[in-house]
Amino acid sequence: MRYDLRPGIPDLRATPRARWAAALRAAITAIPDRDLAASHPLGYAPARAAVAAYLSRSRHAVADAARVTITHGATDGMGILSRELHRRGHRDILVEDPSWPRLRAVAEEHGLRPIPVPVDDDGIDMARLMEIATGTGARAALITPAHQFPLGAALTPGRREELIRWAREHDGLLIEDDYDAEFRYDRRPIPALQRLDPERVALIGSLSKSVSPALGLGWMLLPSGVAPGQSATPPSLVDQAALAEFITRGDLERHLRSSRTRFRRRRQRLLDALRRELPELPVSGIAAGMHLVLAVPAGVVAADVVATGRAIGLALSPLTRYECVHPQAEALVLGYGDLDDTLIEEAVARLATIIHAARGS
């Protein structure tokens, strides 16, 4: 699609190919001969150490390399944790509603029933979570506290404390999906929830949203009481060694700094275009991440806007795609991660034309 406003896609044009290639070259040269044939079930030790240091430094997590597992990404990590939860007797998992459907599906594929909990402007609704957990016996929850997907809220400090207290009181486990948490534009990124209780929170993350999904690399930081699982087919040793080089050389954080600057400007340019073309429509979501939410007018169906847009090269996503059972207002989730800066105004003008036609104005 020429005008790509889908969420969850980073700026693929800015993928740091040269720096990753340099990390690969350095990695293949530096790997000791003995490591080439050794088993690394939880990940290559230098990669685990580099990730632990990075999470401690950038996400203020309580990180120990011994508790890190290298994965193919958040989906892989979710699968490993879902298997472990099922092994421990869990059959239900609380999930945000709305939320990213793929992780819900992975939990279900491994024998866990996703139970939706509503989300509001302060993050997951703790009163409803406790009510639903009491009624179902669920003791595990999948959450995106730094930047909720897709509504764009940050879990408030009070609710963070409530969530940790609930997990402690019910011998629960929280799975923190660190989805695009590195990108905050009005303040420093919020520290990981894991910092509040490393024994109750498993932190999962990846390079998919921050660098590129093509790299196929991620990690889990687990509580000491959770058995360290492993991927059915772990990432290649060379890729893991390259990850270690990429982090320790500072290339990841350099890339994130430049990405923050670029996304901040792109987000503002998108907001300015929306205010010019569709000033009457509310936009929501904190100044973070790579997406925002645009409400559509009463009587307009977001899915119809998406279908019309597709015919003219405009890629969009309706909020309904991410909902479970708690309906929100009709809206579009607009991603700007991979949106060409030169096409922003034209994309919004086309979107405005579709919306105006749909409501007959």
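The following legends describe close-up views of a predicted model.

Local features are given only where pLDDT is at least 70, and side-chain atom pairs only at pLDDT 80 or more, whereas totals for chains, interfaces and linings use all residues. Residues are numbered from 1 along each chain as its sequence is written, and side-chain values use heavy atoms, with hydrogens and water left out.

View A. R266 lies in α9, residues 251-277; helices (H or I, at least four residues) and strands (E, at least two) are DSSP runs numbered from the N terminus. R266 is buried, with a relative accessible area of 2%; buried means under 20%, exposed over 50% and partly exposed in between, for a 1.4 Å probe and protein chains only. Not counting residues up to four places away in sequence, R266 touches D11, R13, Y336, G337, D338, L339, D341 and I344, contact meaning heavy atoms within 4.5 Å.

View B. Beyond its neighbours within four places in sequence, P10 is in contact with S208, K209, V211, S212, P213, M290, G337 and D338. P10 and V211 are 201 residues apart in sequence, yet their C-alpha atoms are 6.7 Å apart in space. With residues up to four places away in sequence left out, S208 touches P10 and P213.

**View C. The largest nonpolar core.** A nonpolar core is a set of buried Ala, Val, Leu, Ile, Met, Phe, Trp, Tyr and Cys residues joined through side-chain atoms within 4.5 Å. The largest has 65 residues, and L334 and L351 are those with the most contacts inside it. Apart from this core lies another, of 20 residues, including L112, A140, L142 and A202. The residues touched by L334, not counting those up to four places away in sequence, are L5, L274, M290, H291, L292, L294, L316 and L351.

**View D. Packing of helices α10 and α11.** Helix α10 (residues 302-311) packs against helix α11 (residues 344-358) at an angle of about 130 degrees, with the axes 10 Å apart. Axes are lines fitted to C-alpha atoms, for helices over the stretch in contact, and angles run from 0 to 180 degrees between N-to-C directions. The angle makes α10 oblique to α11; angles under 35 degrees count as roughly parallel, over 145 as roughly antiparallel, 65 to 115 as roughly perpendicular and the rest as oblique. V305, T308 and G309 of α10 make the contact with L351, I354 and I355 of α11. By class, this contact has four nonpolar, two polar and no charged residues; Ala, Val, Leu, Ile, Met, Phe, Trp, Tyr, Cys and Pro count as nonpolar, Asp, Glu, Lys and Arg as charged, and the others, Gly among them, as polar.

**View E. Packing of helices α4 and α5.** The axes of α4 (residues 74-87) and α5 (residues 101-109) come within 9 Å and cross at roughly 30 degrees. The two helices, α4 and α5, are therefore roughly parallel to each other. In α4, A74, T75, M78, G79 and S82 meet R102, L103, V106 and A107 of α5. The contact of α4 with α5 comprises five nonpolar, three polar and one charged residues.
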